[in-house]
2 protein chains.
Amino acid sequence: MDFGINNFFDKKYKDSKIGHFQDLEHIDGLSISTISCGLYKEKRDDLVLFYFRDGATYANVYTQSRLVSENIKWNKKTNDKKVFGILINTRNANALTGKDGYNSLRKISLNLSKLLTSKQISDEDKPKEVKPSQILFACTGTIGEKFPENKILNNINNLVEKIKYTQNKLIWIKAALGIMTTDTKPKLSMAECKIGNSLVKIYGIAKGSGMIFPNMATTLGFIFTDANISSSILKKILSQNIKTTFNAVTCDGDTSTNDMVSIFSTGKANNKEIKSFKDPKLKQFIKSVHQVMLNLAKRVASDGEGATKFITIKCINSKTEKDAKNICFSIANSPLVKTAVFGQDPNWGRIVMAIGKSGAPVREEKLSLFMGSNIILNKGKLDKNYSENVFAEYMKNENIDITVDLSLGTKNFTAYTMDLSKEYIEINADYRS
Amino acid sequence: MDFGINNFFDKKYKDSKIGHFQDLEHIDGLSISTISCGLYKEKRDDLVLFYFRDGATYANVYTQSRLVSENIKWNKKTNDKKVFGILINTRNANALTGKDGYNSLRKISLNLSKLLTSKQISDEDKPKEVKPSQILFACTGTIGEKFPENKILNNINNLVEKIKYTQNKLIWIKAALGIMTTDTKPKLSMAECKIGNSLVKIYGIAKGSGMIFPNMATTLGFIFTDANISSSILKKILSQNIKTTFNAVTCDGDTSTNDMVSIFSTGKANNKEIKSFKDPKLKQFIKSVHQVMLNLAKRVASDGEGATKFITIKCINSKTEKDAKNICFSIANSPLVKTAVFGQDPNWGRIVMAIGKSGAPVREEKLSLFMGSNIILNKGKLDKNYSENVFAEYMKNENIDITVDLSLGTKNFTAYTMDLSKEYIEINADYRS
């Protein structure tokens, strides 16, 4: 607990833009172990195991990149009904490492599954055999470097020994810190709700856009719940919620080989089995998972490299959701918009430029633009009450809200991003100096 | 001739990356006038007229943005066989200015065409009437600001009085400087070739990615020739050549409301009329126009805001040209690749990331990557002779060549861009400070 924990209550971990994170406590059926196996020069945790003693139902979504890391190839092959754990390492992405990288995972899973099976035999009433394919992997870090198989293998014993059956907020923070690369803040979120009469917990951690020496824009998100829900329903919940949360966030438009968001259910809340995704008893649960995922996704954007501002971009009254999304991302990924926000510059012309270049249908005479509650463009014309001074004052806020009203339909989309600062360039260009 | 001309032979106008520009001389049938009408606070030329005494055949290509400036709307309505001039102003984009902006152009064209008709009557053997629709406009500068109609109208007399029938290199440089916004260097290029037995000239100027107070990433390019070629053939030549020149350049992935590239032929070279775009006599001419356009386009990238490096990205052996283009632009627009080049960092993982995110089909085991002549990835594996030191040394060059070999087909594409530096952020964020 040496990495950062002592500073935990320092203001550096608070995020004034999104709000301070909540305390996560125990989830039955889940155990956590966080250790250092020396992947970094400095002393810090770099290996985190989430272990499900009785297995967990699960679902994953992956990067859309055409080139994916070896651990994603591994995970995609898993088709067991339940998994027993996910092992997360930082510092090395295990991408473009070929068969060697894949074989490393095979060896580690073999070793880890054996140790976990032994642990089952010594600790559990009804010991279960853990198969290698029931271990998932998440990797984040440098691409193309040899995967540190031996360092990890040498520390697997220690990792399994340190498994904690009961979690408290410090254990969660230690795990959230252990998966960070260049994130400046751990990312945690939680919600509780009922399924029928059973109270269920939804806890999540994530890591964001760290692209420094470990040089990939990797987003990893892990959601844990004690709800009793099948993998197939979890899959639908994750697919639906990802669109407006992790997939609504962009830091610089770059996509990694390693992106992955997972959800795991231990089932210990013992709610009655849910047979269908459309069961009204699930409604509140789906909403709560969304809340946790959105909170984490916003933290990823807010802590994007060099970020000084958190930007929310809404496109409303579009003909299709796809058009609205295109416009949001065209604005969110525009270096000119992002540098203007960094410079606190009321430069609305750049937003209009980004709307135009999106390719989505726009009618100039119907287009309105708001910054916060200030109207700038009103149906294609500079609003008669527009005041550059008021607008300039607004741009000093830490949270910037941009709303584009197309007046072409009824569909909406919201995207989240951050500004583009000199620090981004420093982090990404100067790391070897 | 006060703006910059005295410094012309200073090294600041030389571009070591692309090579110093050539001297442009006289083109028969073309006249130039460059003046200041006070659009900027500082004293500099801001209004340039290219005037064709006997008219010129012409072709234009425009921005693909869904929101275009009023001058582009104006130009698109012109369907005369010949035009008599193009008026270029800086400082104001005449975009999102609505009917007022359009009406300003109407008034200016009315006034200018009258003055040019009077000039015809006093100067020419066979005076011609110049119609308002025979004047084209190019605007570049701030979006959404009221168009400075009066300042321009008040200086139209002066502009017409200063028309020079004969050009020399200083007049061309003055014109190239007069259309600049935040460009640091004027952009000029030339070529000569034969059509049949007639020697023809192809001259061009451009302005690039100036996005500071005049805040749009506007690219304007103007090509002039004395070749005798119809507008319909010019259109085909421009459409074909634009793909691999101006449309192969990106500075930051942003697209303006005002982009425009035009070609004008005075016909004074008196070559025999060409009836078809496929006429073999045109081959050398098409190639020479391409050469001029490519040279100008490269200068735009090389002088992109804050650029310290010029980057050429080739994708070879792709199944389709579209895939190759997607991959080139995915790399060229990646902030992570661009900051790595700025930082002289041999970070090839970011290039692989950009290839993967492009969405184009890639087979990891067939993918090779070269930096200059150094092979990095060889069929999906780090080449056995790879040396980070050699690669790091290569990254110190001013010109960086990235080649991606997909080994999936026979199609290729080449894109041009520059690095992303702290100065880009300074220019685009801090301009009001």
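Let me start with one definition: a residue is buried if 20 or more other C-beta atoms lie within 10 Å of its own. Keep that cut-off in mind. And note that this is a predicted model.

Now, helix α8 of chain B. It covers residues 321-332. That is twelve residues, reaching 16 Å from first C-alpha to last, close to the 16 Å expected at 1.5 Å a residue. How many of the twelve residues of α8(B) are buried? Ten of them, so the helix is largely enclosed by the rest of the structure. Here is the list: B:D323, B:A324, B:K325, B:N326, B:I327, B:C328, B:F329, B:S330, B:I331 and B:A332.

B:K322 counts as exposed, because it has 12 C-beta neighbours inside 10 Å. For a sense of distance, take B:F277, 45 residues away from B:K322 along the chain. Their C-alpha atoms are separated by 24 Å.

On to the nonpolar core. In general, nonpolar side chains in soluble globular proteins tend to be buried together. The largest nonpolar core here has 255 residues. Which members touch the most others? A:C328, A:I331, B:C328 and B:I331. Look at A:I331 over in chain A. Set aside its neighbours within four places in sequence, and it is in contact with A:I313, A:V337, A:I351, A:A354, A:I355 and A:I402.

Next helix: α2 of chain B, residues 98-123. It has 26 residues and reaches 37 Å from its first C-alpha to its last. The expected span is 38 Å, so to the eye that is close. Its buried residues are B:G101, B:S104, B:L105, B:I108, B:S109, B:L112 and B:L116. What covers them? The cover includes strands β2 (47-62), β3 (83-89) and β4 (135-139) of chain B. It also includes helices α1 (70-77), α3 (149-153) and α4 (156-161) of chain B.

In chain A, pick out A:L110 on helix α2. Buried or partly exposed? Partly exposed, because 14 other C-beta atoms lie within 10 Å. A:L110 sits 9.5 Å from A:V130, C-alpha to C-alpha, and the two are 20 residues apart in sequence.

Two backbone points. Most residues other than glycine have a negative phi. A:L96 has a positive phi of about 55°, and it is not a glycine. Where is A:L96? In the loop between β3 (83-89) and α2 of chain A. A:L96 is buried, with 27 other C-beta atoms within 10 Å. B:Q344 is also not a glycine, and has a positive phi of about 55°. B:Q344 lies in the loop between α9 and α10 of chain B. B:Q344 is buried, with 21 other C-beta atoms within 10 Å.

Now the domains of chain A. The assignment gives domain 1 (5-302) and domain 2 (310-429). Their C-alpha centres lie 33 Å apart. Where they meet, 15 residues of domain 1 are in contact with 13 residues of domain 2. The domain 1 side divides into eight nonpolar, five polar and two charged residues.

Last, the two chains. The contact takes 50 residues from chain A and 50 residues from chain B. On the chain A side, the elements giving two or more residues are α9 (335-342), α10 (348-357), β12 (381-382) and α12 (422-429). Which gives the largest share? α10(A), with eight residues. By class, that side has 21 nonpolar, 18 polar and eleven charged residues.

And the symmetry. A rotation of 180° with 0.0 Å of shift along its axis superposes chain A on chain B, RMSD 0.0 Å. That is the relation of a two-fold axis. In chain A, the C-alpha nearest the axis belongs to A:K422, 2.7 Å from it. The same surface serves both copies: 100% of the contact residues of chain A recur in chain B.

Methods:
Residues numbered from 1 in each chain as written. Chains lettered and ligands numbered in written order. Predicted model: local features only at pLDDT ≥ 70, side-chain atom pairs only at ≥ 80, totals over all residues. Contact = placed C-beta atoms within 7 Å. Helix = DSSP H or I, 4+ residues; strand = E, 2+ residues; numbered from the N terminus. Nonpolar A, V, L, I, M, F, W, Y, C, P; charged D, E, K, R; others polar. Least-squares fit on C-alpha atoms with pLDDT ≥ 70 in both. Domains from an automatic or database assignment. Core = buried A, V, L, I, M, F, W, Y, C linked by C-beta atoms within 7 Å.
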